[in-house]
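Colleague: I would like a close look at a single part of this protein, one residue and what lies around it in the chain. Please go through it slowly, as I am new to reading structures.

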Amino acid sequence: TRIVTVGAAQLGPIQRAHSRKEVVARLLSLLEQGARHGCDLVVFPELALTTFFPRWFFESQAEIDTFYEAQMPGPETQVLFDTARKLKVGFYLGYAELTQEDGRTRRFNTSILVDQTGVIVGKYRKVHLPGHAEHEPWRQFQHLEKRYFETGNLGFPVFRAFGGIIGMAVCNDRRWPETYRVMGLQGVEMILIGYNTPVHNPPAPEHDNLSHFHNELVMQSGAYQNGTWVIGVGKGGREEGVDQIGNSIIVAPSGEIVGACSTLGDELAIARCDLDLTLSYKNSVFNFAKHREPHAYGMIVER
Ligand code: ING
């Protein structure tokens with residue numbers, strides 16, 4: 001057995017008025033709670049340092065950029081890394097990344113994996129950006145990720161950490177089977193996914209009553225079909241007037257939900273995840289080497 005004790009650290013609403021200092025204090029409290037309960041790894045949501053700002057249309061780039069981190073760790077987040085090292089508990093953190101690359105300013109919806117020595121051992125940039133790029137006033141609220149972020153340019157990498165092979169995804173990525181399969185083909189044993197998911201999806205309100213079902217469906221199938229653990233951690237509650245689903249879950253390679261949050265606030269759900277449970281799926285029904293037929297799948301990667 002290779003047990004990784006994981007804490008799914010769901011966050012309640014982060015209102016616009018909440019400072020990074022206040023939010024980091026909430027993250028710290030969950031990280032310390034996780035350490036007290038023997039967690040090796042704590043998983044936070046997508047964009048976990050600020051409110052979900054793509055729900056608004058902003059004219060001013062300067063105002064938009066107040067929601068990004070130009071350094072990671074930066075002055076307000078350094079304490080998370082110091083605490084990880086002190087308590088020997090790693091974490092996944094979703095945040096808005098502002099960076100200079102290829103001689104220009106880039107903006108990504110990013111997640112990092114920090115190990116138990118407080119070192120960043122992995123980075124991912126969200127590939128599937130939902131929503132729209134232009135202001136759409138008809139919507140009860142905007143979803144301007146295609147305006148505020150570039151498509152991730154790191155692919156779907158996996159990282160050796162916590163005694164296994166760990167991958168990351170962000171929010172909408174979890175709804176696309178390709179996300180899991182690309183990491184599955186790299187032998188992933190645990191996929192960490194932070195999300196901010198509103199109950200209401202303006203383009204398809206008829207799906208709203210299925211928001212929890214769809215959230216669980218995609219992560220349970222992704223886990224089972226690739227023989228991997230999946231840890232999905234959301235924001236919950238009413239954030240700036242928008243209800244978020246919460247519904248954070250810990251899914252085993254069998255597809256079974258073995259841990260879950262049951263509130264819409266800051267809450268830690270913990271499970272002891274044996275990475276060796278992946279083997280009975282990777283060596284039988286989803287033995288890719290024996291059973292996959294890539295020659296038949298070409299259409300999936302055509303533009
Ligand atoms: N949010 C949502 C998500 O993919 C969404 C967008 C909501 C899609 C509801 C479909 C239905 O979970 C982010 N941030 O991707």
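Is Cys-171 buried or exposed, and what is its relative accessibility?

Modeller: The model is a predicted one, and everything below describes that prediction. Cys-171 counts as buried because its relative accessibility is 6%, and the cut-off for buried is under 20%. Its place in the chain is the loop between E7 and H5. The backbone there has a feature to look for: phi of Cys-171 is near 45°, which is a positive value in a residue other than glycine.

Leu-47 also has a positive phi without being a glycine, with a value near 40°. Leu-47 sits in the loop between strand E2 (41-43) and H2. It is buried too, with a relative accessible area of 1%.

Since the residue is a cysteine, disulfides come next. A disulfide is a covalent bond that joins the sulfur atoms of two cysteines. The number of disulfides in this structure is zero. Cys-273 is an example of a cysteine without one, as the nearest cysteine sulfur belongs to Cys-39 and is 9.4 Å away.

With a relative accessibility of 0%, Ile-166 counts as buried. Setting aside neighbours within four places in sequence, Ile-166 is in contact with Leu-113, Val-158, Phe-159, Ala-161, Val-188, Met-190 and Leu-192. A separation in sequence can be compared with a distance in space: Ile-166 and Gly-187 are 21 residues apart along the chain, and their C-alpha atoms are 9.0 Å apart.

Which residues of H5 are buried? They are Thr-179, Tyr-180, Met-183 and Gly-184. These residues lie on the same side of H5, because they cover an arc of only 125° around the axis. The elements that they pack against include strand E7 (164-170), strand E8 (190-195), strand E9 (229-234) and H6. Strand E6 (158-161) and helix H8 (288-291) are also among those partners.

Glu-189 counts as buried, because its relative accessibility is 7%. Leaving out residues up to four places away in sequence, Glu-189 touches Arg-2, Gly-164, Ile-165, Thr-228, Trp-229, Leu-275, Thr-278 and Lys-282.

The largest pocket holds about 590 Å³ of space. It is lined by 29 residues, and those closest to its centre are Pro-130, Asn-172, Arg-175, Thr-197 and Asn-201. Two helices each supply at least two residues of this lining, namely H4 (145-148) and H6 (211-226). H6 gives the largest share, four residues. Sorted by class, the lining has eleven nonpolar, twelve polar and six charged residues.

The second largest pocket holds about 330 Å³ of space. Of its 15 lining residues, Glu-178, Arg-181, Arg-292, Tyr-297 and Ile-300 are the closest to the centre. H5 contributes the most, with five residues. By class, this lining divides into eight nonpolar, four polar and three charged residues.

One more backbone feature can be found elsewhere in the chain. The peptide bond from Met-72 to Pro-73 is cis, with omega near 0°. Pro-73 lies in the loop between helix H2 (61-64) and helix H3 (78-87).

To return to your residue: Cys-171 is buried, at 6% relative accessibility, it sits in the loop between E7 and H5, and its phi is positive.

Technical notes:
Residues are numbered from 1 along each chain as its sequence is written. This is a predicted model: local features need pLDDT of at least 70, side-chain atom pairs count only at pLDDT 80 or more; totals for chains, interfaces and linings use all residues. Side-chain values use heavy atoms; hydrogens and water are left out. On a 1 Å grid over the protein atoms alone, a cavity is a set of points where a 1.4 Å probe fits but cannot get out, and a pocket is an open set with protein on both sides within 12 Å along at least five of seven lines; lining residues have an atom within 4 Å of a point. Grid points are joined across faces, edges and corners, and a volume is the space filled by probe spheres set on the points. Ala, Val, Leu, Ile, Met, Phe, Trp, Tyr, Cys and Pro count as nonpolar, Asp, Glu, Lys and Arg as charged, and the others, Gly among them, as polar. Buried means under 20% relative accessible area, exposed over 50%, partly exposed in between (1.4 Å probe, protein chains only). The arc is that of the directions from the helix axis to the C-beta atoms. Contact means heavy atoms within 4.5 Å. A disulfide is a pair of cysteine sulfur atoms within 2.5 Å.
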